[in-house]
Amino acid sequence: MARGKIQIKRIENQTNRQVTYSKRRNGLFKKAHELTVLCDARVSIIMFSSSNKLHEFISPNTTTKEIIDLYQTVSDVDVWSTHYERMQETKRKLLETNRNLRTQIKQRLGECLDELDVEELRSLEDEMENTFKLVRERKFKSLGNQIETTKKKNKSQQDIQKNLIHELELRAEDPHYGLVDNGGDYDSVLGYQIEGSRAYALRFHQNHHHHYPNHALHAASASDIITFHLLE
């Protein structure tokens, strides 16, 4: 059966339009490939769908740029000139912006002021004053934070010092302060400082004398205390 002809106009149904685009695009690429193989032709096809999606076909062993350059040579048309002019304009604007920024930096350092009139100098002075104000505020805030941190550290050190002084006062008032009751072979242990070394005095129970050597028994019978000196 012969295929019916369709009217060449825009397909209103979006789904049918997309299906037709995909089929005819593949058929077009197939014909381009056949031309490349059968006729040794260099073919380049660039297509954009209605959604701006790129589809491209290029003959093997070549590139799109080579095809465009060949087109320029044959047709004597420069397709890159417009793009080059836009790039040059962008470069010129960037260079101008760079020069203006360098000049502003020099003016804030006290240079290139001869080019400014009175109004421009007054405006520059106001800008500098505002900048100095911001710098001072930031500096004072930083100093305030450092001062608060130092005060907290000093307060902590003072509390530690007060606790130590209070503990020393308690030791001076109570001779039994610091005694440790172990409930074992001795009644108590008292630690105190003697001539750069620490001495520990042990008071033993009388009924436990048989656990210690003769010299320990002799010392216990005299004062019930044996003192051991330990180096710091």
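Predicted model: local features only at pLDDT ≥ 70, side-chain atom pairs only at ≥ 80, totals over all residues.
## Overall organisation

Residues are numbered from 1 along each chain as its sequence is written, and side-chain values use heavy atoms, with hydrogens and water left out.

The chain has five helices and five strands, taken as DSSP runs numbered from the N terminus (helices: H or I, at least four residues; strands: E, at least two). Along the sequence these elements follow the pattern α-β-β-α-α-α-β-β-α-β. Buried residues (under 20% relative accessible area, against over 50% for exposed and in between for partly exposed, with a 1.4 Å probe and protein chains only) make up 14% of the 232 residues in the chain. The chain exposes about 19,900 Å², of which carbon and sulfur atoms supply 55%; accessible areas come from the Shrake-Rupley method with a 1.4 Å probe, and for residues only the protein chains shown count as cover.

## The largest nonpolar core

A nonpolar core is a set of buried Ala, Val, Leu, Ile, Met, Phe, Trp, Tyr and Cys residues joined through side-chain atoms within 4.5 Å, and the largest one here has seven residues, namely Tyr21, Phe29, Ala32, Val43, Ile45, Met47 and Phe57. Helix H1 (14-39) and strand S1 (44-48) each supply at least two residues of this core, and H1 gives the most, with three residues. In soluble globular proteins, nonpolar side chains tend to be buried together.

Met47 is found in strand S1 and counts as buried because its relative accessibility is 16%. Not counting residues up to four places away in sequence, Met47 touches Tyr21, Arg25, Leu28, Phe29, Lys53, Leu54 and His55. Met47 and Phe57 are ten residues apart along the chain, and their C-alpha atoms are separated by 8.7 Å. Phe57, leaving aside its neighbours within four places in sequence, is in contact with Phe29, Ala32, His33, Thr36, Val43, Ser44 and Ile45.

## A nonpolar surface patch

Tyr71, Val77, Val79 and Trp80 form a nonpolar patch on the surface, with about 360 Å² of accessible area together. Patches are made of residues with over 30% relative accessible area and no salt bridge, like charges being joined within 9 Å and nonpolar side chains (Val, Leu, Ile, Met, Phe, Trp, Tyr) within 5 Å.

## Salt bridges

With a salt bridge taken as a side-chain nitrogen of Lys or Arg within 4 Å of a carboxyl oxygen of Asp or Glu, the count comes to nine. One of them joins Arg10 and Glu12, whose closest N and O atoms are 3.3 Å apart, and both of these residues are exposed.

Another links the side chains of Glu89 and Arg92 (2.6 Å, N to O). Because Glu89 and Arg92 are three residues apart in helix H3 (residues 81-108), they are separated by about one helical turn; Glu89 counts as partly exposed at 34% relative accessibility, as does Arg92 at 45%. Glu167 forms a salt bridge with Arg171, the closest N and O atoms being 3.3 Å apart, and these two lie four residues apart in helix H4 (residues 118-173), so about one helical turn separates them.

Notes: Contact = heavy atoms within 4.5 Å.
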